[in-house]
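I opened the notebook to go through this structure step by step. The entries follow the order in which I looked things up.

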Amino acid sequence: MLEKKAKLAKQFIAAIPYSTALAIQIDEVFSGKAVLSLPYNPQFIGDPATGVLHGGVVTALLDTAMGTAVVCHPQSMGGTATIDLRIDYMRGAAPGQRITACAECFRVTRSVAFVRATAHDEGNDIVAAAAGAFTVEGVKE
Amino acid sequence: MKQPEPVQVVKQRRDAALAQLAGALPFINFLGVKFERRGDELTSILPYAEKLVGNPILPALHGGAVGAFLEIAAQIELAWSIYWPQFEAGATGPNAMPKTIDFTIDYLRTGLPRDAYARAVVNRSGRRFASVHVEAWQDNRRKLFAQATGHFLMPLKHD
């Protein structure tokens, strides 16, 4: 079941133009959890003085990881859409490094999924943390 | 009596300041965000592009693209308000950007495959922190498709 969903999730991400444009890839999926990453790209710089990526790039990665975690939750039977998303930026991601996001869908109700996520670069310190609510389609009771 | 500046001089100076401020961030260029200015009022524009799609079946804009657009609109509005007096005095950049501390996005409606617009309001701009609210719409100004509030760390003053 999870393998089927993992395959589905990978196809799903590959079909999203915005994820492709940012070169977001799925590293791993578990039941209700997802790990996604994207490479450093000078086109995505938000602070030219330091070369740090723009917060909007981290937002895209976190949002995609969180959506994937919802789709990979055993109770979720379909797609999802973001209802709200809060992101806390702890520090700038180190220039030149990959950014990885780990998302966990920790609660699914009939219509809403609650998700948390963190993003880190190749060091171990957290770059950003996120909390969000997502829509759920076709809940498996 | 001092003569007021010719209108072309004022416009040219302000447009150049805005272009320089926004042009410094490669990610703004990547997303394709444009800015329109009426005096000091800014409207951010996200022209529709296929790469911004997050759901190809509907199709709908990606939440990450919408979030990034709102964050850029808020950040540029804040920077514009911070540096406005300097720009008016004829100073030019480079200008350090305010850094995002947190950003909370409400996705109110599906982002349709067409242009999006945003306007931001700086609700509080202190010495160290600022709070900015931003609203985005597509076809109808009163029907927002997303809004966000963010806190920013003010750039250090070098004077």
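This is a predicted model: local features need pLDDT of at least 70, side-chain atom pairs count only at pLDDT 80 or more; totals for chains, interfaces and linings use all residues.

**Entry 1: burial.** I applied that cut-off to chain A, and buried residues make up 47% of its 141 residues. For chain B, 38% of the 159 residues count as buried.

**Entry 2: elements and dimensions.** I listed the secondary structure of chain A and found three helices and eight strands. Read from the N terminus, the order in chain A is α-α-β-β-β-β-α-β-β-β-β. I then took the radius of gyration of chain A, which is 15 Å; the globule rule gives 14 Å for 141 residues, so chain A is as compact as a globular protein of that length. The C-alpha trace of chain A spans about 50 × 25 × 25 Å along its principal axes.

I repeated this for chain B, which has three helices and eight strands. Its elements run α-α-β-β-β-β-α-β-β-β-β from the N terminus on. The radius of gyration of chain B is 17 Å, which agrees with the value near 15 Å that a compact globule of 159 residues would have. Along the principal axes, I got a span of about 60 × 35 × 30 Å for the C-alpha trace of chain B.

**Entry 3: contact range.** I looked at contacts with a separation of 6 or more. In chain A, 68% of these are between residues 24 or more positions apart. The corresponding share in chain B is 61%.

**Entry 4: sheet pairing in chain A.** Strand 6 (residues 99-108) pairs with strand 7 (residues 112-120) in the antiparallel sense over eight bridges. A hairpin of three residues joins these two strands of chain A. Within this pair, I noted that Arg107(A) has Phe114(A) in strand 7 as its bridge partner.

Strand 7 of chain A also pairs with strand 8 (residues 126-135) of chain A, again antiparallel, over nine bridges. The hairpin from strand 7 to strand 8 of chain A runs through five residues. Ala119(A) has Ala128(A) in strand 8 as its bridge partner.

**Entry 5: the core.** Which residues have the most contacts inside the largest nonpolar core? The core has 93 residues, and I listed Val58(A), Leu61(A), Leu62(A), Ala65(A), Met66(A), Phe69(B) and Leu70(B) as those with the most contacts inside it. Helix 3 (residues 63-88) of chain B gives the most to this core, with 15 residues. I picked out Met66(A) and left aside its neighbours within four places in sequence; Met66(A) is then in contact with Ala103(A), Val115(A), Ala117(A), Ala130(A), Gly132(A) and Phe134(A).

**Entry 6: the A-B interface.** How many residues of chain A are in contact with chain B? I found 30 residues of chain A in contact with 29 residues of chain B. On the side of chain A that touches chain B, the elements giving two or more residues are helix 2 (17-21), strand 3 (45-47), helix 3 (55-71) and strand 5 (82-89). Strand 5 of chain A supplies the largest share of that side, eight residues. By class, I recorded 17 nonpolar, eight polar and five charged residues on this side of chain A.

Strand 5 of chain A pairs with strand 5 (residues 99-107) of chain B in the antiparallel sense over five bridges. Ile87(A) has Phe103(B), in strand 5 of chain B, as its bridge partner.

Conventions:
Residues are numbered from 1 along each chain as its sequence is written. Chains are lettered from A and ligands numbered from 1 in the order in which they are written. Helices (H or I, at least four residues) and strands (E, at least two) are DSSP runs, numbered from the N terminus. The radius of gyration is taken over C-alpha atoms; the globule rule is 2.2 Å times the number of residues to the power 0.38. A residue is buried if 20 or more other C-beta atoms lie within 10 Å of its own, exposed if 12 or fewer, and partly exposed in between; C-beta atoms are placed from the backbone. Two residues are in contact if their C-beta atoms, placed from the backbone, lie within 7 Å. A nonpolar core is a set of buried Ala, Val, Leu, Ile, Met, Phe, Trp, Tyr and Cys residues joined through C-beta atoms within 7 Å. Ala, Val, Leu, Ile, Met, Phe, Trp, Tyr, Cys and Pro count as nonpolar, Asp, Glu, Lys and Arg as charged, and the others, Gly among them, as polar. Two strands pair if DSSP finds at least two bridges between them.
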